[in-house]
Amino acid sequence: MRIVNVAAAQMGPIQKADSREAVVKRMIALMDEAKSKGADLIVYPELALTTFFPRWYVEDRSEFDIWFEREMPNAATKPLFERAAQHRMAMNFGYAELTPDGHHFNTAILTDKSGRIVGKYRKVHLPGYVEYDAKRTHQHLEKRYFEPGDLGFNVWRELGGVIGMAICNDRRWPETYRVMGLQGVEMVLIGYNTPSVNAEKSEEGVEKRLFHNRLSVQAGAYQNATWVVAVAKAGVEDGHHLFAGSLIVDPNGEIVAEARTEEDELLVHPCDLDATTFGKTTIFDFARHRRIEHYGLITSRTGAVPPPEK
């Protein structure tokens, strides 16, 4: 058995007025609780240091550079890295990244137990749109403030296994999991900030949105025989509600832990990475069963093209 005790550290809302330092204190409190429960790895949400700022429109995009981190760790987050090293706990969290050459990404990192960054991922599947849309109940402007990730879906050998990362909307796309599955991934870490209301279909309701959250994560886990840890930032943030539903899913696609609140909440579960072996050597033994000669459209076509009408 290769057990990784994983702590899914759901976070309640982060208001626009909250400082990085105040947020980091909350993250450290969750980390301390995780240590008391024997965690080896703590997973925080997408944009864990700030409010979900893409809900607002500004004409001059550079005004929102205040929400971006120019280096990691920095002065505000250094105490988090130091506590992780003290606890000998690996961690994963998301933040808005501004690179030295001026590029903006929705980013997540993975550290080892010494607090050293060993992996970086930049969100590939950006939802929303670029310009303000008055017809929508609320704005979702990730395409305005972020560029699509340029690092691909990599995996890293860490904690005795093969670990991958994704962010929020990535969890809805089967390609996310399959590219990592083809690298033998055994645990996928996903942070998200998801509105409880669909801006174009307000009647959908939070329960259906939570259903789709579970469905996406469970399918990705099962179809690639991997653990998936999906962690929310939730609650009423600057007047906008984000759903919770953080969950840990095993390689059979079964939920083994799920959040019950919309506040800071910790889920801890012992994840046996060897539990991925059965699926990877039977129904999802890719080397034996995949038929790539029939999959060409996956990478040659972006949008759907129906057959010609008769």
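Phe286 is buried, with a relative accessible area of 16%; here "buried" means under 20%, "exposed" over 50% and "partly exposed" in between, using a 1.4 Å probe and protein chains only. The structure is a predicted model, in which local features need pLDDT of at least 70 and side-chain atom pairs count only at pLDDT 80 or more, while totals for chains, interfaces and linings use all residues. Residues are numbered from 1 along each chain as its sequence is written, and side-chain values use heavy atoms, with hydrogens and water left out.

**Exercise 1. Describe the place and the surroundings of Phe286.**

Step 1. Locate the residue. Phe286 belongs to helix H7; helices (H or I, at least four residues) and strands (E, at least two) are DSSP runs numbered from the N terminus.

Step 2. List the contacts, meaning heavy atoms within 4.5 Å. Leaving out residues up to four places away in sequence, Phe286 touches Arg178, Gly181, Leu182, Gln223 and Asn224.

Step 3. Compare sequence and space for one of these partners. Asn224 and Phe286 are 62 residues apart in sequence, and their C-alpha atoms are 9.2 Å apart in space.

**Exercise 2. Find which residues of helix H4 are buried, and explain how they are arranged around the axis.**

Step 1. Identify the residues. Helix H4 covers residues 174-181, and Thr176, Tyr177, Met180 and Gly181 in this helix are buried.

Step 2. Examine the arc, which is that of the directions from the helix axis to the C-beta atoms.

Step 3. Name the packing partners. The buried residues of H4 pack against strands E6 (155-158), E7, E8 and E9 (227-232), and against helices H5 (206-224) and H7 (286-289).

Step 4. Consider a residue of one partner helix. Ser216 lies in H5 and is buried, with a relative accessible area of 14%. Not counting residues up to four places away in sequence, Ser216 touches Arg171, Arg172 and Tyr177.

**Exercise 3. Identify the backbone features at Pro73, Leu159 and Ala225.**

Step 1. Most residues other than glycine have a negative phi, and most peptide bonds are trans.

Step 2. Inspect Pro73. A cis peptide bond, with omega of about 0 degrees, joins Met72 and Pro73. Pro73 is in the loop between strand E2 (41-43) and helix H2 (78-87).

Step 3. Inspect the phi angles. Leu159 is not a glycine, yet has a positive phi of about 55 degrees; this residue is in the loop between E6 and E7. Ala225, also not a glycine, has a positive phi of about 50 degrees. Ala225 is in the loop between H5 and E9 and is buried, with a relative accessible area of 1%.

**Exercise 4. Characterise the largest cavity and its lining.**

Step 1. On a 1 Å grid over the protein atoms alone, a cavity is a set of points where a 1.4 Å probe fits but cannot get out, and lining residues have an atom within 4 Å of a point. Grid points are joined across faces, edges and corners, and the volume is the space filled by probe spheres set on the points.

Step 2. Count and size. There is one cavity of 30 Å³ or more, and the largest cavity has a volume of about 50 Å³.

Step 3. Describe the lining. The largest cavity is lined by 13 residues, of which Asn92, Gly94, Ala108, Ala166 and Gly191 lie nearest its centre. Strands E3 (90-98), E7 (161-167) and E8 (187-192) each supply at least two residues of this lining.

Definitions and conventions
1 Å grid on protein atoms, 1.4 Å probe; cavity = no way out; pocket = protein on both sides within 12 Å on 5 of 7 lines; lining within 4 Å.
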